[in-house]
Amino acid sequence: MKFSQKLSNAIHARAASYVYFVLSVCAFVFLRSAVWTYGWIAELYPLGDKFVPTLLGIIALCIAVTLIYLIISAFSDDGKEKCKGIIFLNIIHTVFSLLGIITFLYTSVLLFSMDSGITSAGFAKGFDALAPNLVYIALSFGLGLVFVFCGKTKKTWRAVVSVLIVCCLMLSLAYMGQKSGFIHQNGAVVPITMQSENLAEGAAVVFESLKKGEKADAENLLSDNNECWTPQAPNRMPAEGYADANNSYVEIELSEKSEINTAVIEEVGNQAQYFRLQALVDDEWITVYQSEKIQSLRLCSFDTVMTDHIRLSIDKFRNEDTSVKIKSLKLYNEPVRSAEDFEVTAYQRLDGDVPTEILAQGEDYVRNYARFYDVYSTVIVFAAVHWDENGRMDFGNISEEEFAEQVDALKQIISYRSNPDHKVKLIFTVLADGAWNDQGGVNVFMTKYWESVAEQIVEFAAKYELDGVDIDWEYPRTPSDWKIFDSFIEKLDTDLNKVKEDTVISAALSVGQLGMTTETLERIDQIQFMAYDGNDVDGYQSSLQQAQEGLNDFIKNGADIKKINIGIAAYGRLINNTPYWATWRDLQEANYWNNKYYTVADGNQIYEGTFCSPALAGDKTAYALFSGAGGVMVFRVACDKTMDDPNSVACGIENTLKRYVQNW
């Protein structure tokens with residue numbers, strides 16, 4: 001009895017109630033901050049889109065119950081540590097305290113992406129999203145302390161001092177985190193190697209728009225110090241002598257007139273939401289590049305321009321009260337180079353743009369469609385092979401004869417490419433979760449039949465004379481699953497090479513799911529890095545920053561950068577990550593530059609969504625070239641506009657290849 005009484009006293013002590021209250025507040029703030037998880041949560045749980053609001057309601061009840069109990073504890077029985085005789089209240093308090101602890105643990109996993117492993121990138125992303133809401137956690141620490149210490153009037157001063165100390169400490173940590181870059185700090189990115197000189201060296205700032213109270217600091221763009229140019233939001237009043245403007249810009253004069261085709265901009269944080277680069281050509285300012293997002297290292301690839309004056313304009317700010325911090329602007333005229341091993345891979349379904357139907361539309365249409373294969377060097381046929389629960393291969397809803405007919409038709413279409421010297425490899429995805437509404441099925445049948453599956457794949461590759469096979473296992477879930485994955489890839493590699501040397505093994509992988517051994521990574525020839533579907537704090541699902549940080553994480557996990565193809569999505573996602581996918585092909589307002597669109601029509605609704613524009617696809621291609629990555633990957637062909645439309649994603653990739661690569 002004494003032990004149970006002590007345990008009850010400990011659970012219902014005022015200090016314990018304070019902890020439960022703070023944890024519940026943290027859970028609420030964590031869930032509100034982790035908005036990028038809402039989509040997959042809606043897919044995973046029975047309540048769907050109602051799960052998050054329901055959980056927020058439960059957490060709010062936890063906050064209310066623990067706070068009420070804390071207040072009652074503070075003012076009942078002359079400040080003693082428990083509420084005597086209120087058994088029912090103690091039971092309610094225990095239930096909601098336990099719920100508060102559970103939801104705190106659950107939301108911590110969501111916010112810091114610990115479901116995909118404990119990584120610095122996950123914590124950086126979590127703190128970045130949490131930073132604007134830290135004040136609420138600080139206030140909860142202070143508010144709770146009032147009731148911990150103020151049971152008697154004479155102890156009120158302790159509560160006041162404690163509140164001030166804790167709140168100041170929390171807010172100071174948030175401020176120092178932002179100043180040091182720990183919060184709003186962009187993650188580590190793989191560096192790039194440029195072959196030309198920085199043409200901004202020796203340049204001078206000739207104009208900087210200023211707002212009231214703003215100090216001129218644009219010269220920091222051209223120096224190697226750690227200071228930044230800090231443009232202010234346009235809603236502020238202009239400084240005396242400066243015209244009011246809807247943007248904030250700097251103009252620099254180069255040491256001489258030069259050709260420029262590449263810019264590299266570095267930002268500290270994530271405040272710039274739209275920017276432009278302009279060049280003075282024949283006494284007229286022309287826009288050579290524009291887009292959202294700068295972040296750590298924004299690579300901008302554009303058609304060559306001859307100029308001696310450049311403007312960098314920040315047009316939209318993430319927070320009107322927070323300055324953008326631009327660390328540097330570098331300008332280059334990058335030459336063409338040999339890149340014989342560079343891959344441009346694309347996924348394609350036989351039931352999307354059906355090959356026999358394409359052929360039936362006539363030679364002109366086929367030749368136009370085949371322009372894709374002047375850009376792509378590897379085509380991965382996706383969702384053509386199916387497996388039953390006993391690990392037996394089939395072809396879904398069609399016969400093998402119909403499957404073979406579509407494969408032959410696809411080969412015919414590829415042969416219509418305008419450059420017959422451009423080699424195109426044909427690979428088939430032979431293992432995939434979700435392609436046939438059988439999510440999780442691979443984990444089930446591979447446990448028993450992985451050796452038989454590998455043998456059937458080898459026979460299939462030999463029969464259809466494939467250049468390789470692709471594995472899209474999303475994902476092994478347990479250590480046992482990953483051991484099977486390792487053994488499966490080892491057997492597949494060994495057996496395929498017995499039939500045909502240099503058979504390609506491709507694998508679609510994401511950063512959060514790398515449980516294989518380094519030996520397995522070495523056996524994989526192409527890693528299709530799915531650098532999309534990762535909505536950041538602003539809802540962008542396929543940013544350059546995401547690709548850069550993911551590439552770095554792959555390398556840390558033992559992958560060879562020369563094997564990694566950076567993913568490009570030819571479809572869009574809602575900014576809140578709910579499960580709708582609009583295709584770039586069907587986006588009427590699509591243009592070459594913009595990634596974010598506000599009236600996307602899809603699924604009988606209108607929503608705000610983000611895509612990977614042709615310009616951004618070109619930038620990812622340039623980043624892959626300059627960083628030493630293996631190439632880029634597009635998912636998927638039928639989502640893209642055909643290349644007679646200059647706003648095709650493939651056109652953005654091709655434009656970059658023509659700028660920098662010989663004989664593509």
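Okay, a definition to start: when I say contact, I mean heavy atoms within 4.5 Å. With that in hand, residues 24 or more positions apart account for 76% of the contacts in this protein that have a separation of 6 or more.

Some housekeeping. What we have here is a predicted model, where local features need pLDDT of at least 70 and side-chain atom pairs count only at pLDDT 80 or more, while totals for chains, interfaces and linings use all residues. Residues are numbered from 1 along each chain as its sequence is written, and side-chain values use heavy atoms, with hydrogens and water left out.

The overall picture, then. The protein has 664 residues, and 56% of them are buried. Buried is under 20% relative accessible area, exposed is over 50%, and partly exposed is in between, with a 1.4 Å probe and protein chains only. The secondary structure comes to 18 helices and 20 strands. Those are DSSP runs numbered from the N terminus, H or I with at least four residues for helices, E with at least two for strands.

Let's go to a helix pair. Two packed helices are described by the angle between their axes and the distance between the axes. Here, helix α2, residues 14-33, packs on helix α5, residues 87-111, at an angle of about 40 degrees, and the axes are 8 Å apart. The axes are lines fitted to C-alpha atoms, for helices over the stretch in contact, and angles run from 0 to 180 degrees between N-to-C directions. The crossing of α2 past α5 is left-handed, as in the near helix being turned anticlockwise from the far one by less than a right angle. On the α2 side, the contact residues include Tyr20, Leu23, Phe30 and Leu31; on the α5 side, Ile101, Phe104 and Leu111 are among them. For the classes, Ala, Val, Leu, Ile, Met, Phe, Trp, Tyr, Cys and Pro count as nonpolar, Asp, Glu, Lys and Arg as charged, and the others, Gly among them, as polar.

Phenylalanine 30 and glycine 126 are 96 residues apart along the chain, and their C-alpha atoms are separated by 8.6 Å. Glycine 126 is in helix α6, residues 120-130, and it counts as buried because its relative accessibility is 0%.

Next, holes. The structure holds 2 cavities of 30 Å³ or more. A cavity here is a set of points on a 1 Å grid over the protein atoms alone where a 1.4 Å probe fits but cannot get out, and lining residues have an atom within 4 Å of a point. The largest cavity has a volume of about 120 Å³, volume being the space filled by probe spheres set on the points, with grid points joined across faces, edges and corners. What lies nearest its centre? Of the 16 lining residues, Glu292, Lys293, Arg298, Ser543 and Leu544 do. Helix α16, residues 544-556, gives the largest share of that lining, 3 residues. By class, the lining has 6 nonpolar, 7 polar and 3 charged residues.

Now valine 632, in strand β20, residues 631-635. With 0% relative accessibility, valine 632 counts as buried. Valine 344 is 288 residues away from valine 632 in sequence, yet 5.1 Å away in space, C-alpha to C-alpha. Setting aside neighbours within four places in sequence, the contacts of valine 632 include Phe342, Val344, Ile566 and Ala624.

For contrast, take aspartate 303, in strand β5, residues 298-317. Aspartate 303 counts as exposed, because its relative accessibility is 55%.

Most residues other than glycine have a negative phi, and most peptide bonds are trans. So where are the exceptions? Aspartate 282, in the loop between β3 and β4, has a positive phi of about 55 degrees, and at 75% relative accessibility it counts as exposed. Aspartate 502, in the loop between α14 and β13, has phi near 65 degrees; at 67%, aspartate 502 is exposed too. As for cis bonds, one joins glutamate 474 and tyrosine 475, with omega about 0 degrees, and tyrosine 475 sits in the loop between β12 and α14. Another runs from phenylalanine 635 to arginine 636, with omega near -5 degrees. Arginine 636 is in the loop between β20 and α18.

How values were computed: 1 Å grid on protein atoms, 1.4 Å probe; cavity = no way out; pocket = protein on both sides within 12 Å on 5 of 7 lines; lining within 4 Å.
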